[in-house]
Amino acid sequence: LTSRIQTAMKNLSGKGKVSESDLDDTLRQIRLALLEADVNLQTARNFIRKVRQEALGSKVLEGLNPSEQVIKIVNEQLTEMMGQEAVPLNKSAKIPTVIMMAGLQGAGKTTTVAKLANRLKENEHARPLLIAADVYRPAAIEQLKTLGDQLQIEVFDKGTDIDPRQIVKDGLKKADQDKNDYVFIDTAGRLQIDQTLMQELKDLEQIAKPDEILLTVDAMTGQNATETADGFNKSLGITGVVLTKLDGDTRGGAALSIREVTGKPIKFVGEGEKVSDIDVFYPDRMASRILGMGDVLSLIERTQKDVDEKKAAEQLQKLQENTFDFNDFLEQLKQIQNMGPMEDILKMIPGMANNPALSQIQVGPKDFSHMEAIVYSMTPAERVDPDLINPSRRRRIAAGAGRPVVDVNRMIKQFKQMREMMHKFTSGKGSLPAGMEQM
Ligand code: GDP
Ligand code: MG
């Protein structure tokens, strides 16, 4: 996955300007990457459509560093689609806040109850009550009780021989008496969504009127996670999602699809079996994770720098040694072409915006190909030692390049100005100002 996006970005970053077909190539790669990250097909399509619109609308086709802009848009849109900000738990105006869990068997409901209750206990000195309403598996109740003991959090249980509806009623009564500030209802799951499970959850909802119905979804189930979330949301109406098992090797693309398909926020992520392995859901972090880059922008910078930095360093050294020649000039022109209009770049240098030399050094795309032709018409010796180029050589070069002699003269003048200017920057102030490194 990472290599896929890397390739896509390399293709883009080698070029100064992105055509629509370049953009579409890149977006195709990103779409594949999303699918590999378990984003479902429809979501991936919608996403790509948005990014494309955004990219075209934001004039990415003309701008500086087009690949950087595209990836920035990809990252921003991913973040935006996942809800921008972390969403906290719903809270009731009067205690207790009731949180009901939902989800398939093994998704991590019971573990998440313990994690969240512990978190509230630690952060808010809360006194939660955990209601054990999974009566179908004796082990499930034991599991919750064990966790409660460990964390010193009270668990309400009545064994397995009683209807979960009754357990919840009794548990809520007890919470009222004891003035617990939070109640977690740990419910049963099935291996698949079925009517009995849904009906039971609907009944429990009627009884408990929860402030939060938290759906727990196992991120490792990939594409199925989205279907599961969609199913629960349609039958039950959830208020938030906990995406568990993100400590596995999944990219977590389910986060994007779940959010898009249900419209409900992902509030927490489970990142391990330990009770402390829970965190608030951060859309921006998840965006980077889905793209598989740790930090997307740094990667794209690296991709570009791999190419440019070595050359820049060489050129810098040459400038310092005053051995900057036409080959370097050509190389530099190429890089500048890739960065956008040279004027804009020079203007980024402090004190440069009003420098009269600036108007002398404007280079358009056509100028560039002319200049290139002129340099190619020089002999190797002339290229490395521009001072060799006397009037008769200028005429020969002009003829070879199919340009008038004035063009050759102008370019040599520009070359010397550039060399002088660069030399000033490099010898005088030590390092180049930001934005100049690539020149
Ligand atoms: P439930 O059936 O929905 O209540 O699921 P459980 O809470 O019993 O969890 C099922 C299994 O998944 C247990 O072995 C948990 O330890 C494990 N589990 C839950 N959440 C996570 C998580 O975020 N990461 C990992 N690695 N395991 C988890
Ligand atoms: Mg359970």
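Q: What does it take for two strands to pair, and which strands pair with strand 5 here?
A: Two strands pair if DSSP finds at least two bridges between them. Helices (H or I, at least four residues) and strands (E, at least two) are DSSP runs, numbered from the N terminus. In this predicted model, strand 1 (residues 97-102) pairs with strand 5 in the parallel sense over 4 bridges, with Met101 opposite Leu214. Strand 6 (residues 240-244) and strand 5 are also parallel, over 5 bridges; there Thr216 stands opposite Val242.

Q: How should the numbering and the confidence limits be read?
A: Residues are numbered from 1 along each chain as its sequence is written, while chains are lettered from A and ligands numbered from 1 in the order in which they are written. As the model is predicted, local features need pLDDT of at least 70 and side-chain atom pairs count only at pLDDT 80 or more, whereas totals for chains, interfaces and linings use all residues.

Q: Are the faces of strand 5 covered or exposed?
A: In a regular strand the side chains alternate between the two faces of the sheet. A residue is buried if 20 or more other C-beta atoms lie within 10 Å of its own, exposed if 12 or fewer, and partly exposed in between, with C-beta atoms placed from the backbone. In strand 5 (residues 212-218), 7 of 7 residues are buried. One side carries Glu212, Leu214, Thr216 and Asp218, and the other Ile213, Leu215 and Val217.

Q: Which residues touch the most other members of the largest nonpolar core?
A: In soluble globular proteins, nonpolar side chains tend to be buried together. A nonpolar core is a set of buried Ala, Val, Leu, Ile, Met, Phe, Trp, Tyr and Cys residues joined through C-beta atoms within 7 Å. The largest has 78 residues, and those touching the most other members are Leu130, Ile131, Val183, Phe184, Ile185, Val217 and Leu243. Apart from this core lies another, of 13 residues, including Phe326 and Met371.

Q: How far apart are the end C-alpha atoms of helix 5?
A: The expected span of a helix is 1.5 Å times one less than its number of residues. Helix 5 (residues 109-124) has 16 residues and should therefore span 22 Å; its end C-alpha atoms are 22 Å apart, which agrees. Helix 5 is followed by His125, whose phi is positive, near 50°.
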